Amino acid sequence: MSSFANRDVISVRDFTRKELEELLSHAEEMERVYERGGDDRLSGKILATLFFSPSTRTRLSFESAMHRLGGDVISLGGKEAASTAKGENLADTVRTVEHYCDVIVLRHPKEGAARLAAELTDVPVINAGDGANQHPTQTFLDLYTIMKEKGRIGGLRIGLLGDLKYGRTVHSLAYALALFGAKIHLISPEELRMPSHILEELEQIGAEVEEHRDLEEILPDLDVLYVTRIQREMFPDPEEFERVKGSYKVTRELIEEHARSDLVILHPLPRVDEIEPDVDELPQARYFDQVRNGVIVRMALLDLILGGG
Amino acid sequence: MVALKVKRIEMGTVLDHLPPGTAPQIMRILDIDPTETTLLVAINVESSKMGRKDILKIEGKILSEEEANKVALVAPNATVNIVRDYSVAEKFQVKPPERVEGFLRCPNPNCITNDEREPVDTVFVRESKKPLEYRCRYCERTVREDQIRELIRPS
């Protein structure tokens with residue numbers, strides 16, 4: 001029996017390296033299923049997507065993964081989700097929806113919402129983003145992409161560039177990379193440095209971490225460059241956002257002049273202006289493959305949770 | 001100097017070596033209702049060990065070790081004396097609990113535990129002993145020892 005069977009997926013912190021390896025290994029198998037166009041192993045199972053804050057990509061990726069495995073999808077989103085304006089709280093919503101489905105995928109603006117939902121329901125809950133806290137399946141697909149591109153994670157020099165202060169994806173990813181023994185290079189403007197409590201946590205789990213202000217200087221050493229956008233909506237102070245927006249940019253010239261030919265450039269998408277469009281044509285650009293991997297990893301996760309792998 | 005004289009209690013718990021001014025918070029942590037419990041509270045009294053300290057005598061109530069350990073959140077060096085038949089039957093130092101439920105609020109305003117519509121109490125799980133640090137089970141925000149006093153909910 002898989003350690004994922006019937007399990008909630010709330011935070012990367014809930015998983016050991018061994019469990020993550022199990023998922024990555026199952027994703028490799030699932031990639032073959034994906035390439036065959038899917039199968040019907042989850043026929044008769046129903047996935048409910050409850051999105052109380054917008055994320056078309058994550059929702060579509062989960063829905064696509066479920067359809068590829070022959071399962072069905074029901075959704076509560078957009079205006080309907082706003083029907084909590086009718087007065088219903090999250091607790092009542094999930095205690096109702098659990099009777100309609102076999103697994104719930106939840107995105108919610110409040111941090112800790114997914115943990116609460118998991119405690120209140122018997123069906124597994126997958127956190128698809130709770131405020132600025134966790135987005136574990138993004139981390140899983142990032143790990144899978146790195147593993148697939150480089151054949152390993154441990155020992156790689158991985159640069160995390162951008163908004164390391166408010167960027168949820170880089171917080172979870174840094175933690176997971178540390179579990180796998182990668183060397184982490186944090187590259188950001190001073191104002192967007194990784195929060196000290198996360199740096200301390202990385203130190204506690206024995207991570208090798210270096211901070212940088214200048215991408216050009218560290219770029220030649222990197223195996224992977226993970227770029228994030230500055231998310232306006234995450235900034236409590238609009239003036240702070242105005243000060244830092246556009247403060248870093250990955251250009252074709254920069255990559256051609258300073259990066260190794262086997263560098264892998266990733267981005268959780270959507271991007272705004274932090275990677276120029278002509279970088280897309282470079283062999284190092286892998287962020288659209290990352291999107292494909294997202295479906296594959298979510299297929300693997302759903303299969304392990306609902307089908308026992 | 002006039003020596004501090006407080007009545008001996010027949011049965012109950014004496015919490016000693018509390019940092020000055022913490023006794024009222026400790027009453028909240030222990031959920032003691034002063035209208036129903038006989039208490040002797042000494043605040044900011046002289047102490048040879050600490051310079052100044054608070055003492056809290058709770059008459060008629062024997063705290064379990066688990067209950068008393070909650071005191072360590074604001075008084076890490078507190079001593080607990082269990083009194084039976086007017087004499088100290090048991091004495092121990094408090095240890096910070098592994099899990100803290102209910103009486104601390106989460107400092108993260110966007111944490112689901114701060115949404116009054118949701119039926120959820122706070123749960124903090126100890127992350128480290130030195131420095132003392134707890135993590136919110138829900139939003140995963142960490143809380144340090146120096147923040148804890150401000151996070152105790154009023155009763």
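In which loop of chain B is B:Glu140 found? I located B:Glu140 in the loop between β8 (133-136) and β9 (142-144) of chain B; helices (H or I, at least four residues) and strands (E, at least two) are DSSP runs, numbered from the N terminus.

Basis of the entries. I worked on a predicted model, in which local features need pLDDT of at least 70 and side-chain atom pairs count only at pLDDT 80 or more, while totals for chains, interfaces and linings use all residues. Residues are numbered from 1 along each chain as its sequence is written, chains are lettered from A in the order in which they are written, and side-chain values use heavy atoms, without hydrogens and water.

Entry on B:Glu140. I found B:Glu140 buried, at a relative accessible area of 7% (buried means under 20%, with a 1.4 Å probe and protein chains only). I then listed its contacts (heavy atoms within 4.5 Å): leaving out residues up to four places away in sequence, B:Glu140 touches A:Ser11, A:Arg13, A:Arg115, A:Asn133, A:Gln134 and B:Arg135.

Entry on β3 of chain A. I noted that six of the six residues of β3(A), residues 103-108, are buried, so the strand is largely enclosed by the rest of the structure. On one side lie A:Val103, A:Val105 and A:Arg107, on the other A:Ile104, A:Leu106 and A:His108.

Entry on pairing (at least two DSSP bridges between two strands). I saw β1(A), residues 46-51, run parallel to β3(A) with five bridges; A:Leu47 stands opposite A:Val103. β4(A), residues 125-130, pairs with β3(A) in the parallel sense over four bridges, and A:His108 has A:Asp130 as its bridge partner.

Methods
Buried means under 20% relative accessible area, exposed over 50%, partly exposed in between (1.4 Å probe, protein chains only).
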